[in-house]
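Welcome, and take a moment to look over the model. The short report below walks through a few of its parts, one at a time.

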Amino acid sequence: MNYIKILIGSFLILGFAVNVTAQDLAKGKKIYETRCLVCHQADGGGVPNMNAPLDGSSNVVGNDLARLVRIIKGGYSEKIALDGMYYSNAMTANPDFKDADIANVLSYIRTSWSNKATVVTEAQVIAAKNKK
Amino acid sequence: MKNVKIFLVFVFAAITLASNAQNNAGLKLPAGFKATLFADTIGSARHIAITPNGVLFAKLMYPNKAGKSIIRLEDKNKDGVADNITGWGKYGGTGIFVKGKSLYATSDNDIYLYQLNEKDEVIDTAKPKTIVKGLLAKNQHASKSITLDGQGNIYVNIGAYSNACQEKDRMPGSKGMMPCPILDSAGGIWKFDGIKENQVYGDGKRYATGLRNVVGLDWNKQTNSLFVMQHGRDQLNSFYPTLYTDAQNAELPAETMYELHEGDNAGWPYVYFDPYQKKKMLSPEYGGDGKKEGGENAINPTVFFPAHMAPNALLFYTGNQFPEKYKNGAFIAFHGSWNRAPLPQEGYFVAFVPFKDGKPNGEWEIFANGFSGLTGDEKVKNPRNAKARPCGLAQGPDGSLYVSDDNKGSIFKISYSK
């Protein structure tokens, strides 16, 4: 049983290694720096009471990819409650982002600072968009 | 055993107090000034107000851990540290103001009035009068700050729920709306009667317009007029990267102080103030390019400051404790920037501007610094690392200046002695 788990696990890791490369992460970092950093800051810590932190956010490292994709593409302007704090400001939409851009920036924010979630592939972004 | 514990607590308290007094609660101040930590961790303390007896009230942005959103602090033994702290209220907000035995407090929608007794205790915390209700509060610039004039009128800011009145807020390429419809119900200062109950928009008057968001405001008794601090717009570089570099965005537009008279227009969203060209420039959402001027009918700032520092409180000093230079001058609490990123942040200090005969009389300067808790001249890189963020100001009956912090909830007391 454990063998199977390990087997599946390594397939997954291999799978990501094939689909999300260091280059993609570098692209994600570049997108972050030019389009997100101004609000979410270099350390991903956001601005208290205003721009939500991405570092340590249970939503960012969570499984609701559909929501994350929607926010990044369409912006967001509802007050959100996150881990005991409230954030309210309008987040800029990114209508020009391709699915690959969203995947890259998501991979970057989910694996940066103290975040240790899985990376996200372009295929997963497409699947998440179709889910709603 | 219990006695030992109490003794130890006492020793610790004494040591903290002593080191507190020695290092001015971590603040850097001009010669002759001292600071104590009047209170800490009371909750997200926004604005503060003090009664003539020296009782301080703080309005919290959210209820604190004990579920209270207005805090009353008294320093009975007069050692510079509050020793009697109580609270009430379930609604978050920013504004608080004391006039005689009337205590005003705001939520993001309403203005309430509590009655104080002769000891400056609230007579009935459960039943305030509602003075104004139903003010607009969307997800940006929703906080309501208040001040009163000498005639019993109350002034409240209603911030614009937008950055630059684009058709789609903060959307790259989205045009500015002409005319900006937000200005009908927000983006200005409204004037209401200070006593009449249950007033709504229709009972008030738009006193001044074209102000994106005001948090700090004060009635100047010398000029008998209202002064406000505007939070300038964000993100010139994000939306117009070909017109503005990151470095230019970090310095544009200026944070501005205005003296307002009824009917004044400060120009938002059509223009912003450029601190280098010292002119009102047409906003890029309205066809500007960083060079075209605009705002022929808009007033000019009384004083301007570096960009994005977020002035959250304004106080004209009328006390007698501080040296002559400070008399009638303006203190401004700068909450500290975020929109200067990727460049280092600015603000996180209390500034001072000398005034003479109701007009600025010299350059602005940093009065109290060190709130961020960083050492030396290190700048705040990421806002969440700042220990304290100055947000409110109040003048005590003895002429001391109090500064509130809405991060961890500290109140600093700054005093002067020769």
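## A covered helix in chain A

How many of the ten residues of helix H3 (residues 65-74) of chain A are buried? Seven are, which leaves H3(A) mostly covered; buried means under 20% relative accessible area, exposed over 50%, and partly exposed in between, with a 1.4 Å probe and protein chains only. Helices (H or I, at least four residues) and strands (E, at least two) are DSSP runs, numbered from the N terminus.

The buried set consists of A:Leu65, A:Ala66, A:Arg67, A:Leu68, A:Val69, A:Ile71 and A:Ile72. Their cover includes strand S1 (80-82), helix H4 (99-111) and helix H5 (122-131) of chain A. Just past the end of H3(A), A:Gly75 has a positive phi of about 75°.

## About the model

This is a predicted model, in which local features need pLDDT of at least 70 and side-chain atom pairs count only at pLDDT 80 or more, while totals for chains, interfaces and linings use all residues. Residues are numbered from 1 along each chain as its sequence is written, chains are lettered from A and ligands numbered from 1 in the order in which they are written, and side-chain values use heavy atoms, with hydrogens and water left out.

## Strands in chain B

Now turn to strand S8 (residues 111-115) of chain B, where four of the five residues are buried. S8(B) pairs in the antiparallel sense with strand S7 (residues 102-106) of chain B over five bridges; two strands pair if DSSP finds at least two bridges between them. The two form a hairpin with four residues between them, and B:Tyr104 has B:Leu113 as its bridge partner in S8(B). S8(B) also runs antiparallel to strand S9 (residues 129-132) of chain B, joined by three bridges, with B:Tyr112 opposite B:Thr130.

Elsewhere in chain B, five strands make an open sheet of mixed pairing, in the order S10-S11-S12-S13-S17. Strand S10 (146-148) and strand S17 (264-265) are at the edges with a single partner strand each, so one side of each has no neighbour in the sheet. S17(B) pairs in the parallel sense with strand S13 (residues 205-209) over two bridges, and B:Thr209 stands opposite B:Asn265.

## Where the chains meet

Chain B brings 22 residues into contact (heavy atoms within 4.5 Å) with 24 residues of chain A. Together the chains bury about 2,000 Å², 53% of it on carbon and sulfur atoms; buried area is the accessible area (1.4 Å probe) that two parts lose on being put together, summed over both. In chain B, B:Asn139, B:Trp338 and B:Arg384 lose the most area to chain A, together 35% of what that side buries.

There are two salt bridges between the chains, a salt bridge being a side-chain nitrogen of Lys or Arg within 4 Å of a carboxyl oxygen of Asp or Glu. One of the residue pairs forming a salt bridge is A:Asp43 with B:Arg384, whose closest N and O atoms are 3.0 Å apart.

## A buried arginine

B:Arg340 lies in the loop between strand S22 (330-334) and strand S23 (349-353) of chain B. Is B:Arg340 buried or exposed? B:Arg340 is buried, with a relative accessible area of 5%. Leaving aside residues up to four places away in sequence, B:Arg340 touches several residues, including B:Ala250, B:Glu251 and B:His308. B:Ser238 is 102 residues away from B:Arg340 in sequence and 11 Å away in space, C-alpha to C-alpha.
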